[in-house]
Amino acid sequence: MNRSTLSLIAAAVALAAVTGFAAVTAPGGGSVKAGAKGPARLPVERSSLLCPAPSLSELAETTYTTYTPKGSGDDTGGRTATPGTAALKPAGTPLTDDTATKPPADKGDKSGKGDKKGKKDKPSEKPDPNKAVVTLKEPGKPASATASGSDAPALTGSADGLLAPGWAAQQTTVVSGGDTRAVLGTRCTAPDTDFWFPGASTAKTRQDYVHLTNPDDNAAVVDIELFGKDGPVKTEVGEGITVPAKSSVPVLLSTLTTAAADDLTVHVATRSGRVGAVIQASDAKAGADWLPASADPAASQVLPGIPADATDVRLVVHAKGTDDADLKVRLAGGSGSFTPAGLDTVHVKSGMTASFDLKNVTRGEAGSLFLTPTSDGGKTPIVAALRVVRGTGDKQETAYIPATAPVGDRSTAADNRAKGSTLALTAPTAAATVKVTASPGTEGGEPQTKTYTVKAGTTLAVDPPVPAGLKGSYALTVETQPGSGPVYASRTLALPQDGIPMFTVQTLPDDKATVAVPAAKQDLSVLDD
């Protein structure tokens, strides 16, 4: 095998090891020609996704939906494409005597005799790790499965062949009562080694768990750091947390420190191995939802899709590095952008977490937040998230919108219903055009497509297309069109119950369906021995 081929394969293997996405195998059926102007892009051959354990409540009803857009793997660079497989299977949940990793009983039941529907507590049954919870059979047609109660496990899975490029999964849980009453939704994500979560808390009214899921055959070792308004927060047991192979471990933040803080940034980093990480944030007065990781630290950030009827919005920002961050804050609505009152500029000290109360900033019009450095503010990398509340009094519900990467080529929100979905699109710098495709339903229906144009500096919130004759749930795929400016997106799913505006918001970053293959100095279609 020649040296160029070895270099190409080594690059692909290294990428797969870090991100969970494989690039290409030795291109025996195709070639990368000499003299290429830049890296070719080919569909990934393998994707990995991880979903956290949904809930500790016996009242929880969880829907898993998985989808790969049709046509994702058509351009194979001359290689023979295989149909592929895609499945999510249970991960184990090893419990120890360490209070940091042992979840308490569900507070929805005060008697200890079962839930309010009269169900008796039942012994936990260890899920079969070899039995798929949900399996996807073909591109362009979503699949779903449901699970009930507190025994639903975390899931790990992989897709290959034609099902790998753009493979997406969504976990949506409805808890109808108890202290954790809420709709909790999250995208299942690829394993990684570094995560930032602004917006967490150790306040007395909050119970925030970091869920760590290890998809690999070897244990992962994880460190958790906390940053508050005065900088690093001393933690008792945040270092060297072991996540066993093929297992998931929940870590209660309040067991890591004696300090009660309303707004924290959590940094999760692995010493060895890879994990999926997401925070389940529960508020005794305002429901619960998943807090996903912020986009990678950068000087500018975009937080898309604040609902039009938000009654309270809180911005949490952390400045990473050695320099302070001075930021301009702009809210982009339907007709343009403006600076919210009192937020001409915000100052965030190095290594600290700052929070800003935006109240009901959208005032009946959906919006997105742009954070950019001031002219003399330098380029200090930041991470950011929004805590968004809908409703008032005892009928409040909370969701989180982290800073996100742009849609890029394409992104998918896998779980949508006949009613309740709102798609928010924002274009910070230049006008953008996207094509939005509604897939067939999980149980039937015909796909529908619509194109939207977003003016520069605005947010467009729309009721997305719905499959004709929809049965079941469906997926929404957003594709940036040629010549378009960058577009950022989120999908809000509203599932109101008993007068409570229960909802969840998921951002739509690029699905990383393709990978750049370095240009070769010679034709690699023939391999030398």
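**Figure 1. Lys-512 in its loop.** At 52% relative accessibility, Lys-512 counts as exposed, where exposed means over 50% relative accessible area, buried under 20% and partly exposed in between (1.4 Å probe, protein chains only). The residue is found in the loop between strand 37 (503-507) and strand 38 (514-517); strands (E, at least two residues) and helices (H or I, at least four) are DSSP runs, numbered from the N terminus. Phi of Lys-512 is near 55 degrees, a positive value in a residue that is not glycine. The model is predicted: local features need pLDDT of at least 70 and side-chain atom pairs count only at pLDDT 80 or more, while totals for chains, interfaces and linings use all residues. Residues are numbered from 1 along each chain as its sequence is written, and side-chain values use heavy atoms, with hydrogens and water left out.

**Figure 2. Arg-363 in the loop between strand 24 and strand 25.** Arg-363 also has a positive phi, of about 50 degrees, although it is not a glycine. With a relative accessible area of 68%, Arg-363 is exposed.

**Figure 3. The whole chain.** The secondary structure comes to one helix and 38 strands. Of the 529 residues, 52% count as buried. Contact here means heavy atoms within 4.5 Å. Among contacts with a separation of 6 or more, 82% are accounted for by residues 24 or more positions apart. The chain exposes about 22300 Å², and carbon and sulfur atoms supply 51% of this area; accessible areas come from the Shrake-Rupley method with a 1.4 Å probe, and for residues only the protein chains shown count as cover.

**Figure 4. The largest nonpolar core, with 30 residues.** A nonpolar core is a set of buried Ala, Val, Leu, Ile, Met, Phe, Trp, Tyr and Cys residues joined through side-chain atoms within 4.5 Å. Leu-315, Val-317, Leu-369, Leu-371 and Leu-386 touch the most other members. Strand 20 (residues 310-319) contributes the largest share of this core, five residues. Leaving aside neighbours within four places in sequence, Val-317 has contacts that include Leu-327, Val-348, Met-352, Phe-356, Leu-371 and Ile-382. A second, separate core of 27 residues includes Ala-200, Leu-212, Ala-220 and Ile-279.

**Figure 5. The disulfide of Cys-51 and Cys-188.** A search of the whole structure finds one disulfide, the term being used for a pair of cysteine sulfur atoms within 2.5 Å. The S to S distance between Cys-51 and Cys-188 is 2.0 Å. The link is right-handed, with 110 degrees about the S-S bond.

**Figure 6. The open sheet 2-7-4-5.** Four strands make up this sheet, with antiparallel pairing; two strands pair if DSSP finds at least two bridges between them. Strand 2 and strand 5 (134-136) stand at the edges with a single partner strand each, so one side of each has no neighbour in the sheet. From one strand to the next the twist averages 15 degrees; axes are lines fitted to C-alpha atoms, for helices over the stretch in contact, and angles run from 0 to 180 degrees between N-to-C directions. Six bridges join strand 2 to strand 7 (residues 155-160) in the antiparallel sense. Leu-50 has Thr-156 in strand 7 as its bridge partner.

**Figure 7. Strand 10 and strand 16.** Six of the seven residues of strand 10 are buried, so this strand is largely enclosed by the rest of the structure. Strand 10 runs antiparallel to strand 16 (residues 264-272), and six bridges join them. Ala-200 is paired with Leu-264 in strand 16 as its bridge partner.

**Figure 8. The open sheet 28-35-30-32.** The pairing in this four-stranded sheet is antiparallel. Strand 28 (410-416) and strand 32 (448-454) are the edge strands, each pairing on one side only. Neighbouring strands are turned by 20 degrees against each other on average, direction ignored. Strand 28 pairs with strand 35 (residues 474-480) over five bridges, and Ser-411 stands opposite Val-478 in strand 35.
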